[in-house]
Amino acid sequence: GTLSPDISWTKLTLRLGYSIPNHMEIYEKFKSGKLEYNEAKKALLSLWTASGPLSKSRLEEMFKSWALKDDTIPIFQYLKSKNYITCLITGSMDLFAQVIARRVGADFWHANTDLIWDSDNYLKDFIYEINASEKKLRQLKEFCKRNSLELNECAIVGDDKNDIDLFRATKNGIVI
């Protein structure tokens with residue numbers, strides 16, 4: 001939602017030809033404790049691979065083709081022209097973050113979810129952290145340390161409650 005008109009998780013499910021309500025039911029059951037972490041992962045992986053294995057190259061091509069909001073690339077170009085260091089911190093998947101960061105010219109990226117591939121580059125698992133807010137804050141602190149920045153020297157652009165801790169930490173939040 002911040003850089004793209006869609007939420008990556010549900011857009012992926014839709015683009016793979018599967019049901020967003022089924023996806024959301026799995027997620028809500030996980031959040032409410034009705035599904036354990038491993039059960040929820042297995043259910044989502046089963047949904048995504050119902051018609052066969054899901055290759056890294058297929059996902060990458062999908063992410064490359066997704067529309068971005070009209071002002072996304074110009075904003076990154078402007079920030080780069082002013083010598084700002086840019087970092088994409090997303091609640092999405094690492095491959096999505098990598099592809100989008102490359103498309104917009106971000107200097108760094110961090111993601112909430114690591115996709116795990118088998119030896120033939122087919123999706124076999126993922127590591128997801130339910131508390132994306134805490135993870136994003138850790139990632140921001142790592143970014144600041146690596147670039148010799150203080151938190152208050154950063155501006156955060158976000159669209160979800162998992163960005164609130166970033167807004168509080170920097171005191172420079174922009175809500176989309």
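Angles under 35 degrees count as roughly parallel, over 145 as roughly antiparallel, 65 to 115 as roughly perpendicular, and the rest as oblique. In this predicted model, helix H1 (8-15) packs against helix H2 (residues 20-31) at about 135 degrees, with the axes 9 Å apart. H1 and H2 are therefore oblique to each other. Axes here are lines fitted to C-alpha atoms over the stretch in contact, with angles from 0 to 180 degrees between N-to-C directions. Helices are DSSP runs of H or I, at least four residues, and strands are E runs of at least two, numbered from the N terminus.

On the H1 side, Trp9, Thr10, Thr13 and Leu14 meet Ile20, His23 and Met24 of H2 (contact is heavy atoms within 4.5 Å). By class, that makes four nonpolar, three polar and no charged residues.

## The buried side of H4

Helix H4 (residues 56-65) has Leu59, Glu60, Met62 and Phe63 buried (under 20% relative accessible area, 1.4 Å probe, protein chains only). They span an arc of only 160 degrees around the axis, which puts them on the same side of H4; the arc uses directions from the axis to the C-beta atoms. Their cover includes H1, strand S1 (87-93), helix H6 (94-104) and strand S2 (108-117).

## Ser92

Ser92 sits in S1 and counts as buried, at 2% relative accessibility. Leaving aside neighbours within four places in sequence, Ser92 touches Ser8, Trp9, Ala111, Asn112 and Thr113.

## Ground rules

Residues are numbered from 1 along each chain as its sequence is written, and side-chain values use heavy atoms, leaving out hydrogens and water. Local features need pLDDT of at least 70 and side-chain atom pairs 80 or more, while totals for chains, interfaces and linings use all residues.

Methods:
Buried means under 20% relative accessible area, exposed over 50%, partly exposed in between (1.4 Å probe, protein chains only). Ala, Val, Leu, Ile, Met, Phe, Trp, Tyr, Cys and Pro count as nonpolar, Asp, Glu, Lys and Arg as charged, and the others, Gly among them, as polar.
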